[in-house]
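Morning, everyone. Please take a look at the sequence and the model before I start.

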Amino acid sequence: MIEKILLQGKAAGFSTVEVFHEKREKQEYEKLLDYNASHFVKNDNISVRAFWEFGEPVGFNLSKPDIKSIKTGFSSVCSLNIPGRNKNYAYLLPSHAQKVKINIFDDSIKSFDIKKFDELVEKIKEILVSFPGLSLKRIKFFKVLKKCYISNTKWLNAKYKKTNFNLTINFEYKNNSIEISENEIYFNRINPFRMISRAFNLLNSLTDNNIHIKKDCALIFSPEASVFVLREFSDNFCLSFEGSLKKISFPSVLSIIENPNLDYQTGSVPFDDEGVQSGERYLVNKGVFLDRISDIKRAFYNKRACSTGNGFRSDKSIFPFPRFSNFFIKPSVLSLNKLMMDAGKGILVSLIKLKNIENDEWMFSAYGYRFENGDINEPVHFYFKTSFFSYFLNILKVSKEIKFFNINYNIGSPYLLVNAKHLYESVLQI
């Protein structure tokens, strides 16, 4: 079918045609108190991008296509669009792909069924006994088998398959509730105990105890809190159409990496949705801002020789756009305890929420625990303001413990020791 689409595109008068085909099988299981449910969804979608000799490309989506729908698709984009006169970026499309060895497929996906889900639920209930007061509201699990194919008229023909397992648990504790999720390539890497202890820690940090800070304060951001901030500022690491890139110097302890080839990570792929391959890329190396990610289109408009291999489609987009795969702050050799001892006393930030953005400054509501001399004390609540530059400029130390969280893409961070200044009452400035 892909070959027929490419041939039909050529016959319709296009110079270059690209076809991205994604097959997705998703099995869901859900438990709500005494209610059980199971759902199976199968998607088969094709995105077509076609270039004339000049001008912007056109495209359309197909679901389970046949010859008639293919001809209709090309006919509609030909009749509704007039080719421009400017040079386009068809020449940047890849013509081949090399084999990449990464662990992103778990063969056990075939054998996971309702019986194994029930066993998982029982295991969660057994672990929960060790956390008094913590109760379950809902357990949801899904497994996804994804097969991707990319071809174009420049002779590219590549494919891969990938698995994903997701466990989401809703907890309640002292009239507060929270949802905890884990995404893994391999089912046996999902750890219910880690999820439950994380929920217990986060829910215990929720307090109305607004601290009144009278001086500067050391903050240690947990990986979860750090990832939240990193995601808020992630657009600064995407190449814009203007493309201005300043050589900014951050603290030398800071290195930020984008790498699609990590084993067992949910963002890993052998090529992006345009067929472009990439490897480990330092966006910031030892404090020096080096690069931003891009797809083929943004690389072209910024006069770059090639994309960084970050062109991905969403369920609603015909054309790719820049998106991260595995995006993370590089860990160091320091332990969390070392960060706490070096800081002396401060606040270990476990959970943050965005309150507002005003004048390029972000205001966050934060929950965590006081610490002193390595000991964790009472939970506290406070606020802090920061901006993209000031946040990263005030990072003092980075730990060796790193955790990844899948929030639209895979993003990871170690613990970060950050310097914060007293602003007013319970508000800090980073």
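Is Asp-291 buried or exposed? Asp-291 counts as buried, because its relative accessibility is 11%. Buried means under 20% relative accessible area, exposed means over 50%, and partly exposed is in between, with a 1.4 Å probe and protein chains only.

A word on the source. This is a predicted model, where local features need pLDDT of at least 70, side-chain atom pairs count only at pLDDT 80 or more, and totals for chains, interfaces and linings use all residues. Residues are numbered from 1 along each chain as its sequence is written, and side-chain values use heavy atoms, leaving out hydrogens and water.

Back to Asp-291. Its side chain meets that of Arg-281 in a salt bridge, 3.0 Å from N to O. The pair links distant parts of the chain, 10 residues apart: Arg-281 is in strand 9 (residues 281-285), and Asp-291 is in the loop between strand 10 (288-289) and helix 6 (296-301). Arg-281 counts as partly exposed, because its relative accessibility is 25%.

Now the rule. A salt bridge is a side-chain nitrogen of Lys or Arg within 4 Å of a carboxyl oxygen of Asp or Glu. By this rule the count is 18 salt bridges.

Take another one. Lys-421 pairs with Asp-216 in a salt bridge, with the closest N and O atoms 3.9 Å apart. Lys-421 lies in strand 18 (residues 409-424) and Asp-216 in the loop between helix 4 (192-205) and strand 7 (217-221), so this pair ties together parts that are 205 residues apart in sequence. Helices (H or I, at least four residues) and strands (E, at least two) are DSSP runs, numbered from the N terminus.

Lys-110 and Asp-107 form a salt bridge too, their closest N and O atoms being 3.1 Å apart. Lys-110 is exposed, at 64% relative accessibility. Asp-107 is partly exposed, at 45%.

There is also a network. Salt bridges link Glu-18, Arg-49, Glu-274 and Arg-313.

Next, helix 2. Which residues of helix 2 are buried? They are Ile-70, Gly-73, Phe-74 and Val-77. These cover an arc of only 85° around the axis, so they sit on the same side of helix 2. That arc is taken from the directions from the helix axis to the C-beta atoms. An α-helix has 3.6 residues a turn, so residues three or four places apart point the same way.

What covers those buried residues includes helix 1 (2-11), strand 1 (16-32), strand 2 (35-51) and strand 3 (58-63). The face turned away from the buried side of helix 2 carries the exposed residues Lys-68, Ser-79 and Leu-80.

How values were computed
Contact means heavy atoms within 4.5 Å.
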